[in-house]
Amino acid sequence: MTKLISHSTEETENIGIRVAEKLSGNEIIALFGGLGMGKTAFTRGLASGLGVFDGVSSPTFALVNEYIGKCNIFHFDMYRVSSWEDLYSTGFFDYIEKGILVIEWSENIEGALPENTIRISISAGENENERIFQIEGIEI
């Protein structure tokens, strides 16, 4: 496991860029962490590292946003998913192996995540802007 500390939104985006450098194009990245922990900022950095430079936002109401860069990125928000039926209705399983899946609120679908999922837990640090990233499944 890799542990990284971010002190700003920019540093959080840079962690996303570092992760992007290690991807081949078919990974699932499960983000764990509460509201305001930087999941979307991380995803913005990851997308930037893969050639997407604008338009990255939380897919809260759309459930999934698609970005095209060096590879397809499918950005999911599972906040409102509470059952297998809900999960199937998002089309989640149709996207697997079609690009990189980035999943916010992965806590809600943990039982559906494949074994080789990259897991990133984000928690609050000692001050208001500090975030602690614990990354499993990929070496950074």
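Q: What volume does the largest pocket have?
A: The largest pocket comes to about 190 Å³. A pocket is an open set of 1 Å grid points where a 1.4 Å probe fits, with protein on both sides within 12 Å along at least five of seven lines; volume is the space filled by probe spheres on those points. This is a predicted model, with local features needing pLDDT of at least 70.

Q: Which residues are closest to its centre?
A: L35, K39, S58, E104 and W105, out of 14 lining residues (an atom within 4 Å of a point). Residues are numbered from 1 along each chain.

Q: At what angle do α1 and α2 pack?
A: Axes are lines fitted to C-alpha atoms over the stretch in contact, and angles run from 0 to 180 degrees between N-to-C directions. Here α1 (residues 9–20) and α2 (residues 39–49) pack at about 45°, axes 6 Å apart.

Technical notes:
Predicted model: local features only at pLDDT ≥ 70, side-chain atom pairs only at ≥ 80, totals over all residues. Heavy atoms only, no water. Helix = DSSP H or I, 4+ residues; strand = E, 2+ residues; numbered from the N terminus.
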